[in-house]
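Reader: I am new to this structure and would like a close look at a single part of it. Please take me through that part slowly.

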Amino acid sequence: MNQVPAFAKEPQLLFINGRWLESSSQQYFEDVNPATEEVITNIAKATKKDVDFAVKSAQEAMRGNSWGGFSSKQRGKVIFKIAALLEKYKEEFATLETLDTGKTITESLYADIATSVDVLEYYAGCATKIEGTTLPTDSKFFTFTLKEPVGVVGCIVPWNFPLLLAVWKIAPALAAGNTVILKPSMMTPLTALRFAKLTEEAGLPPGVLNVLPGAGSEIGSYMVEHPGINKISFTGETQTGKEILAGSVDTLKRVTLELGGKSPNIIFKDADIEMASKGAFNAIFYNKGEVCCAGSRLFVERGVHADVITRLVERAGRTTPGDPLKQTTRLGPLISRSQLEKVQSYTETGKKEGAQLVIGGEKPKELLKGYYFKPTIFDGVRNDMKIAREEIFGPLLSVIEFEDFNDVITKSNDTFYGLAAGIWTRDVSKAIKASRALKAGTVWINCYNFFDASAPFGGYKQSGVGRELGLKGLDPYTELKTVWISTE
Ligand code: NAD
């Protein structure tokens, strides 16, 4: 399984209109493995001209003689086929994802790729269930609604879950009859391109899915402003989300945004402390903390604080970063040198702010190559410190002690983010009361980081606009048309 797939050994081209094409600039960029700092392969870098061609192709595919003429049943069948092929090639995809991101092979296989298959199957089934309604208007009329595709959808995704987050967008977009232009992050283009190849094999018509790796500041923003693109579905940083919203004003295109977070994870003293500590550890260190909903602010109630810290430190001590392609590794390298430097700089900030570094805070000395960083825990953090307020996006946990229920809810909500929250308690009433009080799009009780294709996900406040997954996740890919027929 861990051999480098042939796909990663070849330079890769752009996928437009069902063809593999050089960039119009003939330029390539280097795709780097964060575990070795070596170049995996070269990737064609898309230009604005390439985007124009992809838009034209995606528009043509919307016509009746192509994807636009497919029945919902036919669309569903193609998406089921894509899911089956992804299942068939899951080990190759998992290896590509690990090479590109540094996430462990276990995470790639059992989370990223397995969940991508689930999401494709879920929306394949939804294709035949997109329904309008009849409306109780005056009896002189027969009035009904239709749900139609929005058109050409631009999907712009980040590097932390490259294929999975692309599939969260592509699957509902295709189920609803749209065509797609996917722009992966330049740091992680491999699985998006391999996925394009897979869709050819599944019989997706040319132009329905186009994949263009390239710079966000160049082709990403161009896609946002492009009059031929009807909707943008974006996942990434909150600041980029704001730029995207601003850039979409002229064309008033539909926009959904999945953005950053600084999620509170609350351990009440009546919790099962071992379960809560283990859960809190995984909530931050899963995928090296490069998770939008990471439980990066851990609130622990006075009385159990020392016990929780001891358990967290013990776990961190035995979680040694290492080669992500090894089955036994639990923590891989960060995505890039700049991400590593960002986490190092926040570690210094935490110390300067007076928080107490209890473990980690450095690169493992024995790993000379690769962007590795030890699991890092700060205790004695105050909610107004930078390390408690800003999204770090790395393996750094801020532990904050709290006094009582009202204190922790106030502090938890004192952030401009609102993506997720966690609660650990044996008291059902308290859990329900807290889940109602927390301003977050997802609340996990006695668990963390669980996802399902049927469960909507998205942010309150500056963590996003709209929801992905579930039936709610289909709506942004449809336009609602109301039809009035006079019966007189
Ligand atoms: P990013 O915002 O830098 O980039 C995301 C994508 O947008 C990339 O493909 C990039 O090339 C493109 N882009 C950059 N500038 C652009 C612009 N001006 N116009 C259009 N496109 C542009 O984010 P990142 O560093 O790749 O990813 C990490 C961020 O993603 C974190 O903030 C994290 O919280 C967030 N995230 C959110 C979710 C969620 O579901 N809410 C999930 C995963 C990651």
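Reader: How many residues of domain 1 are in contact with residues of domain 2?

Author: This is a predicted model, in which local features need pLDDT of at least 70 and side-chain atom pairs count only at pLDDT 80 or more, while totals for chains, interfaces and linings use all residues. Residues are numbered from 1 along each chain as its sequence is written, and side-chain values use heavy atoms, with hydrogens and water left out.

The domain assignment, which is automatic or taken from a database, gives the protein chain a domain 1 of 6-259 + 463-484 and a domain 2 of 264-452. Taken over C-alpha atoms, the centres of the two domains are 31 Å apart. With contact meaning heavy atoms within 4.5 Å, 30 residues of domain 1 touch 33 residues of domain 2.

Between them the domains bury about 2500 Å², of which 59% lies on carbon and sulfur atoms; buried area is the accessible area (1.4 Å probe) that two parts lose on being put together, summed over both. On the side of domain 1, the residues that lose the most area to domain 2 are Glu-37, Trp-159 and Ser-463, together 23% of what that side buries.

Glu-37 also takes part in a salt bridge, its side chain meeting that of Arg-337 at 2.9 Å, N to O, where the term requires a side-chain nitrogen of Lys or Arg within 4 Å of a carboxyl oxygen of Asp or Glu. The count between the two domains is 1 salt bridge.
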